[in-house]
Amino acid sequence: MSGTDEGELKALQAALAAEHAAVYGYGVVGGRVGEERRPEARAAYDAHRARRDALVRAVRDLGGRPTAAAAAYALPFPVPDPAAAVRLAAELEDRVAGVYSDLVRAAEAGQRRTAAEALREAAVRAVRWRGESVAFPGLAERAGTGTPSASPAA
């Protein structure tokens with residue numbers, strides 16, 4: 001495997017891990033978010049599941065063994081109510097965007113286009129959840145103010 005393929009595989013695995021965490025997180029969001037935003041949470045959950053499944057195939061196509069989902073993930077803060085669920089959804093999207101920005105840089109043409117699309121979709125969902133945008137989605141995560149993927153629960 002070439003160095004380019006190894007870098008792309010590593011970035012694909014990181015994106016896959018982030019999507020596993022997002023799917024888990026949206027399970028929490030869906031259980032806590034208000035009724036009026038539940039369809040939005042369901043749509044995001046379905047989108048992350050589809051991206052996760054596509055990443056599993058992409059990792060296998062490069063000869064890798066897909067990163068497995070953890071049994072549970074540590075949430076970045078408690079989610080006792082609908083307002084916290086909305087904040088969690090925005091945080092999940094920010095983290096996913098950060099990881100996809102790395103994949104855009106590491107990937108070749110076809111996968112780069114797919115990663116850029118996923119980055120854009122995550123940024124748009126974050127804006128919808130938060131109600132405001134950020135200049136460079138994923139940049140805060142790269143600067144160390146956030147982490148690109150959730151940690152598995154201990």
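What follows is a short chat about charged and aromatic side chains in a predicted model.

Biologist: What are the ground rules here?

Modeller: The model is predicted: local features need pLDDT of at least 70, side-chain atom pairs count only at pLDDT 80 or more, and totals for chains, interfaces and linings use all residues. Residues are numbered from 1 along each chain as its sequence is written, and side-chain values use heavy atoms, with hydrogens and water left out.

Biologist: Okay, salt bridges. How many does the structure hold?

Modeller: The structure holds 10. A salt bridge here is a side-chain nitrogen of Lys or Arg within 4 Å of a carboxyl oxygen of Asp or Glu.

Biologist: Where do Glu93 and Arg125 sit, and how far apart are they in sequence?

Modeller: First, the contact itself: Glu93 and Arg125 form a salt bridge, with the closest N and O atoms 2.9 Å apart. Glu93 lies in helix H3 (residues 82-106) and Arg125 in helix H4 (residues 109-130), so the pair ties together parts that are 32 residues apart in sequence. Helices are DSSP runs of H or I, at least four residues, numbered from the N terminus.

Biologist: Is Glu93 buried or exposed?

Modeller: Buried, at 0% relative accessibility. Arg125 is buried too, at 14%. Buried means under 20% relative accessible area, exposed over 50%, and partly exposed in between (1.4 Å probe, protein chains only).

Biologist: Which helix holds both Asp102 and Arg105?

Modeller: Helix H3. They are three residues apart, about one turn of the helix. Asp102 is buried at 17% relative accessible area, whereas Arg105 is exposed at 61%.

Biologist: And Arg42 with Asp46?

Modeller: That is a salt bridge at 3.3 Å, N to O. Both residues lie in helix H2 (residues 38-61), four residues apart, about one turn of the helix. Arg42 is partly exposed at 47% relative accessible area. Asp46 is partly exposed at 33%.

Biologist: Which residues are linked with Arg51 in a network?

Modeller: Glu117 and Glu121, through salt bridges.

Biologist: What about Glu19? How far away is the nearest side chain of opposite charge?

Modeller: That side chain is Arg51, 5.4 Å away. Glu19 is buried yet has no salt bridge. On charges, Lys and Arg count as positive, Asp and Glu as negative; His and the chain ends are not counted.

Biologist: Where is Glu19 found, and what is it in contact with?

Modeller: Glu19 is found in helix H1 (residues 3-32). Leaving aside its neighbours within four places in sequence, Glu19 is in contact (heavy atoms within 4.5 Å) with His48, Arg51, Arg52, Leu55, Val96 and Tyr100.

Biologist: Which residues of H2 are buried?

Modeller: The buried ones in H2 include His48, Arg51, Arg52 and Leu55. Ala41, Ala44, Val56, Ala58 and Val59 are also buried.

Biologist: What span should H2 have?

Modeller: The 24 residues of H2 should span 34 Å at 1.5 Å a residue. The end C-alpha atoms are 35 Å apart, which agrees. The expected span is 1.5 Å times one less than the number of residues. Just after H2, Gly63 takes a positive phi of about 85°.

Biologist: Switching to rings. How many aromatic pairs are there in the whole structure?

Modeller: A search of the whole structure finds two. Tyr24 and Tyr73 form a tilted pair, 5.4 Å centre to centre, with 55° between the planes. Tyr24 lies in helix H1 and Tyr73 in the loop between H2 and H3, so the pair ties together parts that are 49 residues apart in sequence. Tyr24 is partly exposed at 30% relative accessibility, while Tyr73 is buried at 8%.

Biologist: And the other pair?

Modeller: Tyr26 and Trp129 are also tilted: 6.3 Å centre to centre, 45° between the planes. Tyr26 is in helix H1 and Trp129 in helix H4, 103 residues apart. Tyr26 is buried at 2% relative accessible area, and Trp129 is buried at 3%.

Biologist: What are the cut-offs for a pair?

Modeller: Rings of Phe, Tyr and Trp (its six-membered ring) pair if their centres lie within 6.5 Å. Planes under 30 degrees apart count as stacked, over 60 as edge-to-face and the rest as tilted.

Biologist: Which residue lies over the face of Phe77?

Modeller: Arg87, at 5.4 Å from the ring centre. The rule is NZ of Lys or CZ of Arg within 6 Å of the ring centre and within 35 degrees of the ring normal.

Technical notes. Helix = DSSP H or I, 4+ residues; strand = E, 2+ residues; numbered from the N terminus.
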